[in-house]
Amino acid sequence: MPCPDGPVSRDLDPIEHDPQDACGVFGVWAPGEEVAKLAYFALYALQHRGSESAGIASSDGQHILVYKDMGLVSQVFNEASLDGLRGHIAVGHTRYSLKGQSTWDDAQPTLSPTANGTLALAHNGALTNTAELTGGDGSVDDTTVFTALLEGDADHTLTETALAVLPRATGAFSLVFMDEDRLYAARDPQGVHPLALGRLPGGGWAIASETAALDIVGASFMRDVEPGELLVIDETGPQSYTFAPARPAGCVFEFVYLARPDTMLSGRLVNSVRQAMGRALAREHPVEADLVIPVPDSGTPAAIGYAAESGITFAQGLTKNAYVGRTFIQPSQSLRQLGIRLKLNPMRETIAGKRLIVVDDSIVRGNTQRAVTRMLRAAGAAEVHVRISSPPVMWPCFYGIDFTTRRELIAPELSVEQVRKSIEADTLGHISLEGMMEATGQEPGRLCMACFDGVYPIPLPPGASPLTDGVVP
């Protein structure tokens, strides 16, 4: 179920939060290294994928300990808590809740006994067949489902159990888990969300949601975990098993917004892809203007590409408050009226009297773009032309992004011209599906674009309809 009303973390910006992915995961097998601290710094690099809770589990070969709590990585851990997580294996997680509640009990990694030891597990994604797997109504948290399935029996190793149960799961899942002796990683057959393998300088191994997390711990990127692959890592190195045929359908929104710009996805640097999207956007939707400005930070690469292609000067017309994130403090009515200014503020001398092209990555509900347009006009902008480096978001996501229902999206209800009027822009242009796909450099059919074209590559939950439901069935 969606997070309930009550004392859960919310964006300080009361207008509209950015699209969110489920989680970031990290695993490390490195005897002789401070694995908990490696996990801590890796989670820092993955903080954008989830900011409600964070946790790390470690194993010394005899026992597994878990430390987790609500809040940002920097709020959850300190030297003392990390020093207590000793061993040669660690699994880390930073969470944004899609199913379950935003409470300590739902923070990850989970810790559970198995038939042959103990299991610590972290998950990113969203299953579409939890009801089938549990015999219930599908509301059980996906991590709880995986933990129960992997409990196994005394006659089978954890590897054997994983190879038997992973083919039964449908939907998006990027997993890292461990027992006392080994690190495991698995990715759904479509490879919806990323998962990468890296090598540490001392000979250890790391698994991360994004290559940027490998970079921060000094690991060299080796390759992506393949769709339908289970990796088992111990003193002999990674052993690869295929539990299902690969049917690649990676989430295109990882390229558009979710992944860090310094991450490699399917052989492409995300920053380069986003600049290519901006170039395509300039070719498809040119307009006479004085400046190209981004909505920071996610719109910056595309704005740089737009400016380069159009020959129009790039400028930072909006300043972002880097320290505004998620908080337990609910804004008062007076703060609500400040709206987007809690995150962004205009550079008046830069934009006054100028015709502006404002580049952002997506329009979900339209509230943020409307607030930005009003703020720029109030600061003296002569014209505001909005350019979006993704097509209109038309359909909900069932695979781990919180486009929860079609009713919450502005594009299905209004034409592009009506959206333009709604956000009070002089003109509005979206990149085409074809332009976006070409910018990614991926082969046709290897990306999931369901939120843009309504074509779902994985069967939906029983009884779910894209006309009504999204992530949570």
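In which strand is the place of T110? Select T110: its place is in strand 6. Helices (H or I, at least four residues) and strands (E, at least two) are DSSP runs, numbered from the N terminus.

Before moving on, note that this is a predicted model, where local features need pLDDT of at least 70, side-chain atom pairs count only at pLDDT 80 or more, and totals for chains, interfaces and linings use all residues. Residues are numbered from 1 along each chain as its sequence is written, and side-chain values use heavy atoms, with hydrogens and water left out.

**Stop 1: T110**

T110 is buried, with a relative accessible area of 16%. Buried means under 20% relative accessible area, exposed over 50%, partly exposed in between (1.4 Å probe, protein chains only). Now show T147: its side chain makes a polar contact with the side chain of T110 at 3.0 Å. (A polar contact is a pair of N or O atoms within 3.5 Å; within protein, one must be able to donate a hydrogen and the other to accept it, and residues adjacent in sequence count only if both atoms are side-chain atoms.) Leaving out residues up to four places away in sequence, T110 also touches K68, L119, A120, L121 and T143. Contact means heavy atoms within 4.5 Å.

**Stop 2**

Two strands pair if DSSP finds at least two bridges between them. Zoom in on strand 7 (residues 117-127) and strand 8 (residues 171-178), an antiparallel pair with eight bridges. Here L127 stands opposite G171.

**Stop 2: the core**

Select F253, Y399 and F403. Of the 49 residues in the largest nonpolar core, these touch the most other members. Such a core is a set of buried Ala, Val, Leu, Ile, Met, Phe, Trp, Tyr and Cys residues joined through side-chain atoms within 4.5 Å. Apart from it lies another core, of 28 residues, including A30 and L214.

Return to Y399. Beyond its neighbours within four places in sequence, its contacts include G125, A172, H193 and C448.

**Last stop: the whole protein**

Zoom out. The protein has 16 helices and 26 strands. Of its 473 residues, 58% count as buried.
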